[in-house]
Amino acid sequence: MNREDTIFALATAPGTAGVAVLRISGPRARSALEILTRGPVPKPRFAAHRKLFAAPEDAPPVGAERLADDNAAIDDGLVLWFPGPASFTGEDVAELHVHGGRACVEAVARALVAVGGLRPAEAGEFSRRAFENGKLDLTRAEALADLVAAETEAQRRQAMDQFLGALAGRYESWRNALIGLSGDLEAAIDFSDEELPEGLISGVFPRISALMAEIEAHLNDDRRGERLREGLRAVILGAPNVGKSSLLNKLAGREVVIVAETAGTTRDVIEVHLDLGGLPVTVADTAGLRQGAEDVEVEGIRRARAHAAGADIKILVFDAEAWPELDPETIDLMDGASLLILNKVDLRDPRKDASEILYVGVGSEKIPIYSVSARTEAGLAEALAALEEMAQARIGPGASAPITRARHRAALVETKGALRRVAPERPVELNAEDLRLAARALGRITGRVDVEDVLDHVFREFCIGK
Ligand SMILES: Nc1nc2c(ncn2[C@@H]2O[C@H](COP(=O)(O)OP(=O)(O)OP(=O)(O)O)[C@@H](O)[C@H]2O)c(=O)[nH]1
Ligand SMILES: [Mg+2]
């Protein structure tokens, strides 16, 4: 990546749309805009209506009629000019709002390449330039990627909080406190006891303990922020033919999976993304668990078990006709995050209220098992509410501005480790060094210090045009 380059990309989704936005950033943005519009750049930050023309080498031969010139217009739209440094990337930026068809966008992109000195942007390159020009700290840049990727309301809210600086503010205030404390300690290296204000050094240690407790509490968030960002994983498990696929179809509200009377219908793991009260949950349907299955089905069962191991929530489905007997292979998989469902309640006892909640005794505990019918939809709303409640318990609103990435967590653990070594009985130089290390680890989260090595990793997950 060369920062001297001028880059461009489609900022909107590819495909057919009313409008497509192309964004250009870099030293050649002004010439590109002048050449394509065959005129001066408009007033900064004001939209102007312009025709867009191909660059000279693509344009009709010199001396062509003005009419022919007009015919050579490749599109007609709005253009904007954001001179650096007051732009998203901090560089000169131009935006072209053209018609959102594939051919229009391609023609404009071709014209941009023909200008010379422009190339298509790599994924995340605009945001990376914004970071490198001090427009965004790393947590805000990451929040932008999360905002674009947010599929549910809770994800959007978390990303927006982070974009507004909730994490950056916290980490920067901790970092500043650490820098202050290490300054106090270093004063002890340079000055004698008599020259130092009373209690300066002894006051440092309780403040470090308090800071450590805050970091500890922040780390101790049960990974809620990361889970919300990534989405919860739920998996439907049960014996063959109990109606797992039928239930998934009901949850999805459409016929995603094949349902059949034959036991052993589902073999592949099939996933559906759900928005459960604003929380993102991916539900996977799996092959029915049984012994003595053959070839492909055995592989299906292996995948089902592998999925179960990585799931945040297990939806264990049982056959109501067999109640109170429960399939032993399925019940074996039960853990603290399992939702028990008794399906086909319509076949059990039509007179019984399907939404009645039965219980399964586990030791001294009684776990509810929700009676439903994927056929009549009886009891489904209650079971869905229970699923939503479980999702809320895992990722619902917890502490404000939680950690959202493993990268942040690793740096915080490093900060804590360095602070833990600090102790009154150690030489002051060692303590000061550990405080500096702790501050540096925090600085890596926002990108204030030596982060060159993490940048590729951070910006790779962005989409092109961001
Ligand atoms: N009466 C009744 N039949 C149901 C209900 N749910 C599913 N079925 C039927 O039970 C059969 C099996 O349903 P599936 O959804 O394919 O079951 P499965 O658990 O996915 O089965 P495998 O993929 O083979 O493990 C089908 O004939 C469904 O129509 C229900 O609530 N009541
Ligand atoms: Mg199935």
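Domain 2 and domain 3 have C-alpha centres 43 Å apart. The bounds, from an automatic or database domain assignment, are 6-121 for domain 1, 144-221 + 402-460 for domain 2 and 227-395 for domain 3. This is a predicted model: local features need pLDDT of at least 70, side-chain atom pairs count only at pLDDT 80 or more, and totals for chains, interfaces and linings use all residues. Residues are numbered from 1 along each chain as its sequence is written, while chains are lettered from A and ligands numbered from 1 in the order in which they are written.

**Domain 2 against domain 3**

- Eight residues of domain 2 and seven residues of domain 3 make the contact, where contact means C-beta atoms, placed from the backbone, within 7 Å.
- Helix α6 (residues 153-163) gives four residues, the largest share of the domain 2 side.
- Helices (H or I, at least four residues) and strands (E, at least two) are DSSP runs, numbered from the N terminus.
- The domain 2 side holds one nonpolar, four polar and three charged residues.
- In these classes, Ala, Val, Leu, Ile, Met, Phe, Trp, Tyr, Cys and Pro are nonpolar, Asp, Glu, Lys and Arg are charged, and the others, Gly among them, are polar.

**Ligand 1**

- The shell around ligand 1 has 24 residues, and Gly 243, Ser 245, Ser 246, Thr 266 and Gly 288 come nearest.
- A residue is near a molecule if its C-beta atom, placed from the backbone, lies within 6 Å of it.
- The largest share, three residues, belongs to α10.
- By class, the shell has eight nonpolar, 11 polar and five charged residues.

- Helix α7 (residues 166-190) has 25 residues and should span 36 Å at 1.5 Å a residue; its end C-alpha atoms are 37 Å apart, which agrees.
- The expected span is 1.5 Å times one less than the number of residues.
- Buried residues of α7 include Leu 167, Tyr 171, Trp 174, Arg 175 and Leu 178.
- Buried means 20 or more other C-beta atoms within 10 Å of the residue's own, exposed 12 or fewer, and partly exposed in between, with C-beta atoms placed from the backbone.
- The cover over the buried residues of α7 includes α5 (138-149), α6, α8 (204-219) and α16 (428-446).
- Helix α5 has 12 residues and reaches 17 Å from first C-alpha to last, close to the 16 Å expected.
- Among the buried residues of α5 are Leu 138, Arg 140, Glu 142 and Asp 146.

**Gly 300**

- Gly 300 sits in helix α11 (residues 295-310).
- Gly 300 is buried because 22 other C-beta atoms lie within 10 Å.
- Gly 300 touches Thr 266, Arg 267, Asp 268 and Ala 287, leaving out residues up to four places away in sequence.
- From Gly 300 to Gly 288 is 12 residues in sequence and 8.2 Å in space, C-alpha to C-alpha.

**Strand pairs**

- Strand β8 (residues 270-276) and strand β9 (residues 279-285) are antiparallel, with seven bridges; strands pair if DSSP finds at least two bridges between them.
- β8 and β9 form a hairpin with two residues between them, and Gly 277 in the turn has a positive phi of about 55°.
- Leu 276 has Leu 279 of β9 as its bridge partner.
- Strand β3 (residues 48-53) runs antiparallel to strand β4 (residues 73-82), joined by six bridges.
- Opposite Leu 52 stands Asp 75 in β4.
- Five bridges pair β4 with strand β5 (residues 93-100) in the antiparallel sense.
- Leu 78 has His 97 of β5 as its bridge partner.

Terms used:
Contact = placed C-beta atoms within 7 Å.
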